[in-house]
Amino acid sequence: MYCTRKVTDDIVWVGGNDRRLSVFEGVYRCPSGVSYNSYLIKDEKTVLMDTVDSAVSTVFFENIEHELSGRPLDYVVVQHMEPDHSATLAELVLRHPEAKIVANAKLAVMIKQYFDFDLDSRLVSVKEGDVLETGRHRLTFVMAPMVHWPEVMVTFDLTDGLLFSADAFGTFGALDGALFADEVDFFRDHLDEARRYYCNIVGKYGVQVMALLRKASGLKINMILPLHGFVWRRGIGDILEKYIKWATYEPEEKAVVIAYASVYGNTKNAAEILACRLSELGVKTYMYDVSMTTPDHVIAAAFKCSHIVFASTTYNAGIFVRMEELLHDLAAHNLQNRTVAFIENGTWAATSGKLMREIVSCMKNMTLIDSTVSLKSSVKPEKREELALLAEVIAAGFRKPVVPVDPAALAAIEPTAFNKLSYGLFVLTARDGNKLNGCIINTAQMLTDSPKRITVAVNKQNYTHEMIEKTGVFNVSVLTESVPMKTFEQFGFKSGRDAEKFLDFGDFEIASNGVPYITANTNAFFSAKVVSAQEFGTHTLFVAEVTEAAVLSNEPSVTYAYYFAHIKPKKNAAPAQKSGWVCKTCGYVYEGDTLPEDFECPICKHGPEDFERVEAEAKPEGHKWVCEICGFEYEGDELPADFECPLCKHGAADFRQVY
Ligand code: FEO
């Protein structure tokens with residue numbers, strides 16, 4: 001029975017899925033299968049964009065016959081002659097002898113190499129920039145040699161902005177009903193397989209991929225329709241961003257891949273010691289046992305990460321066979337621009353380090369760390385020290401150089417000017433397993449309306465930052481003018497590393513992404529998943545797609561200015577009883593004549609620049625209370641139990657005695 005999916009009003013997906021494929025191209029294991037996409041354009045003329053692998057031919061022909069509904073097939077455009085897209089071409093010609101075959105000259109040669117049917121009588125030969133008019137659609141052809149074979153071309157529909165991209169933008173994995181990338185959580189669930197597909201299938205041809213992307217940059221692309229995997233109709237910029245990184249061999253992540261080959265576990269032991277030291281230094285690591293993990297997975301990780309450590313035992317006076325295979329495979333896939341270190345092992349004559357170094361040194365723009373950690377059989381104390389030193393050397397490359405600040409430039413910046421910007425205030429929340437956490441930010445912004453995206457800038461020191469970086473999801477709760485100071489104390493003045501912020505805080509619910517949002521003194525919340533992150537010194541700017549949003553009340557949102565005027569406790573609210581230094585942020589008083597240069601406020605963690613000098617004053621007559629909600633001050637002998645704040649209408653319970 002046919003099984004098709006509508007792509008646009010007059011284009012339908014007529015491909016098929018193979019979940020029994022054990023190895024794609026005889027090399028790559030595909031536990032999630034693979035899809036072979038083909039698209040039928042139902043215009044005044046009918047056009048089939050490529051055919052499929054013979055494994056899915058039955059449903060493919062049922063799809064075509066159903067969608068044609070008796071109409072003739074006018075054209076089949078052949079973009080790529082690898083048999084996963086062309087194996088059923090001969091049968092298509094038998095079933096539809098009326099179809100013209102649209103192909104470039106190189107494709108025509110390959111069609112004749114693979115098949116014996118009469119091509120010349122039905123060939124429509126095209127070259128770069130030629131246009132095929134099919135009624136409403138106007139298809140133009142763009143040559144894309146070596147993406148992934150020399151004959152490849154892609155097709156651009158000038159009418160609707162559709163890029164039929166051949167192998168480019170494909171991914172491993174069958175389509176489980178969802179055809180469009182926005183119907184799944186692509187960057188969470190499918191990016192790894194897209195990267196493995198790219199690196200192993202076309203990773204070698206970065207220059208050619210960039211040439212195609214440069215041609216595509218002049219086109220207004222509304223949709224990308226590849227021959228494997230998902231169709232892109234939203235977030236095209238996000239997958240293009242990944243492709244540019246992969247094609248230019250730029251790492252996506254500052255992290256270390258440790259690939260080891262170990263016969264009896266001693267080289268593995270060294271690799272794990274190194275991984276522990278690196279983790280202690282804050283460096284992210286990924287480990288692979290090359291005897292258990294096939295090279296394509298390690299290649300994908302190597303494309304993703306900035307650093308690689310190869311650790312191999314010596315075997316037959318050479319490199320252990322699986323490691324040697326991996327290294328040659330990495331070289332064949334043209335990996336570049338990485339920093340690489342080596343660990344070798346050999347009970348009587350260790351040679352693997354030197355030999356691994358020789359292979360990697362032939363690859364482009366590789367920075368090789370000079371010293372190889374050389375083991376004899378097992379790790380001894382001095383080798384443990386060498387591994388720790390290697391970790392230090394690698395980690396040093398992860399630290400950003402400190403750029404000195406020009407004092408003259410600083411003098412031209414009045415810090416309080418930033419208080420005039422109309423920021424809101426928000427609780428940014430995240431979840432990692434059972435750990436709930438949140439912090440106060442003033443940096444949530446709407447970025448785009450379509451797609452619905454927001455940005456948040458988060459201090460890297462914050463535990464919430466670490467959780468978002470790990471999980472890729474967060475919520476933003478918009479605080480209102482009624483928010484009490486204690487909310488800021490709860491989420492802003494302590495670290496989630498030391499405190500369970502939600503343990504004694506009841507005003508929250510769990511959104512459908514599993515992350516808490518604040519229900520008191522808030523007027524809306526947003527759930528979002530990160531689509532990109534960029535580091536800016538102390539902060540990371542997360543760009544995120546909104547997955548859920550709701551209005552919680554109609555109270556006005558609190559602004560930074562309102563916070564300073566009405567919520568933040570006033571400095572000097574209480575006459576100083578002793579001389580010292582008062583924190584301008586939270587009111588903490590350091591008693592003493594001199595504030596240490598490296599002093600950090602124990603409450604809000606601000607430094608000496610946020611403290612100012614106070615001198616002891618004579619204690620005034622009577623007492624003073626301050627409303628913790630709005631800052632209103634009451635002076636008298638006693639605060640009446642039924643007192644109501646004349647400004648914000650809160651009761652005596654919300655007042656704090658100042659003196
Ligand atoms: Fe999907 Fe190059 O074939």
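This is a predicted model: local features need pLDDT of at least 70, side-chain atom pairs count only at pLDDT 80 or more; totals for chains, interfaces and linings use all residues.
Residues are numbered from 1 along each chain as its sequence is written. Local features need pLDDT of at least 70, side-chain atom pairs count only at pLDDT 80 or more, and totals for chains, interfaces and linings use all residues, while side-chain values use heavy atoms, with hydrogens and water left out.

Helices α11 (residues 321-332) and α12 (residues 352-361) pack with their axes 9 Å apart and at an angle of about 15°, where axes are lines fitted to C-alpha atoms, for helices over the stretch in contact, and angles run from 0 to 180 degrees between N-to-C directions. The two helices are therefore roughly parallel to each other, a class for angles under 35 degrees. On the side of α11 the contact (heavy atoms within 4.5 Å) is made by M323, L327 and H328, and on the side of α12 by M356, I359 and V360.

Seven strands, with the order β25-β24-β28-β31-β32-β27-β26, form an open sheet in which the pairing is antiparallel; two strands pair if DSSP finds at least two bridges between them, and strands (E, at least two residues) and helices (H or I, at least four) are DSSP runs numbered from the N terminus. Because β25 (435-441) and β26 (445-448) stand at the edges, each with a single partner strand, one side of each is left without a neighbour in the sheet. Neighbouring strands of this sheet are turned against each other by 35° on average, direction ignored. Seven antiparallel bridges pair β24 (residues 426-432) with β25, and F426 has I441 of β25 as its bridge partner. Helix α15 (residues 463-471) runs at about 55° to β24 and lies across several strands, including β24, β25 and β27 (453-459).

Key
Angles under 35 degrees count as roughly parallel, over 145 as roughly antiparallel, 65 to 115 as roughly perpendicular and the rest as oblique.
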